Amino acid sequence: LLEYLAGCTFQELVVNGNQAMMMDALFMIEETVGQAWRMTMRHEPVRADFVKQIRDRMDAVCRVHPDFLNKPARIGGLKIKSFGELIRAIEQIERSLTAPFSVFIHGDFNINNIIYDSHVERIHFIDLHRSKQTDYIQDVSVFLISLFRLPFFESAIRARLNYAIMDFFEFAKNFSVRFNDPTFEARLALGLGRSLFTSTRFELNRKFAKRMHLLSIYLMEKIAAHAGQPWDEFELPGEALIY
């Protein structure tokens, strides 16, 4: 497909430094995705089953980073759950975190699956074999983490990555407000935690993989700590995704 479709991937735009073209492409991505979500919206409760996705990929993560499944620990009077205990707690919570509607999603919404042709201002989505009707948080979390996990640390590239992350986060948040989705931030925190953890299986930079893993645990612990309180009051700190 990359041989026959004109243009370049969104990943190339972010990494190679054309800020204006990146912003144009990001605007078109948001417009296209927003339209697809609106046109395919069904008012039915749905869950993405993020914990199941974590469990399905746990062995693959452990083959690369065997110490990520931490055991229970204690620091003074503070008890730290093992990774397994944390997942079980989140699994109980996820049953009450349903989206109020479903939409047709890409299913593997990584930034290298989006091609932008600047000459005709057209967006192509490729690698669509996982497309289905489900919670749009699945695509939102994958898109955001596919930006975050790029192993580029030069300040100029990182600034573009951070810009794209926050812009798409605000787009999705505004969509949730418009269509009355009160558990958006809680579900997104869970989706981001899932994507961060499972993405570490592709990251051999030990320091960066550890950062992703700890951020995943931070988000899931934040969800666990909110249990018993109204989920429409949960706040996802967007700055946590700024590296």
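I began with the term salt bridge, which stands for a side-chain nitrogen of Lys or Arg within 4 Å of a carboxyl oxygen of Asp or Glu. I noted that this is a predicted model, in which local features need pLDDT of at least 70 and side-chain atom pairs count only at pLDDT 80 or more, while totals for chains, interfaces and linings use all residues. I also noted that residues are numbered from 1 along each chain as its sequence is written, and that side-chain values use heavy atoms, with hydrogens and water left out.

**Salt bridges**

I looked up the salt bridges and found that the structure holds 7. Asp135, Asp181 and Arg187 are linked in a network of them, and within it the side chains of Asp181 and Arg187 meet at 2.8 Å, N to O. I then checked burial, where buried means under 20% relative accessible area, exposed over 50%, and partly exposed in between, with a 1.4 Å probe and protein chains only. Both Asp181 and Arg187 are buried.

I turned next to Asp56 and Lys52, whose side chains meet in a salt bridge of 2.9 Å, N to O. Both lie in helix H3 (residues 50–64), 4 residues apart, which is about one turn of the helix; helices here are DSSP runs (H or I, at least four residues), strands are runs of E with at least two, and both are numbered from the N terminus. Asp56 is exposed at 51% relative accessible area, whereas Lys52 is partly exposed at 48%.

I also found a salt bridge between Asp67 and Arg206, with the closest N and O atoms 2.3 Å apart. Asp67 lies in the loop between H3 and strand S2 (73–75) and Arg206 in helix H8 (residues 206–226), so the pair ties together parts that are 139 residues apart in sequence.

**Helix H7**

I asked how far the end C-alpha atoms of helix H7 (residues 184–199) are apart. They are 22 Å apart, which agrees with the 22 Å that its 16 residues should span at 1.5 Å a residue, the expected span being 1.5 Å times one less than the number of residues. Since 16 of the 16 residues of H7 are buried, the helix is largely enclosed by the rest of the structure.

**The cavity**

I last looked for cavities (sets of points on a 1 Å grid over the protein atoms alone where a 1.4 Å probe fits but cannot get out), and the structure holds 1 of 30 Å³ or more. Its lining, meaning residues with an atom within 4 Å of a point, includes Asp135 and Arg187.

Terms used: 1 Å grid on protein atoms, 1.4 Å probe; cavity = no way out; pocket = protein on both sides within 12 Å on 5 of 7 lines; lining within 4 Å. Points joined across faces, edges and corners; volume = space filled by probe spheres on them.
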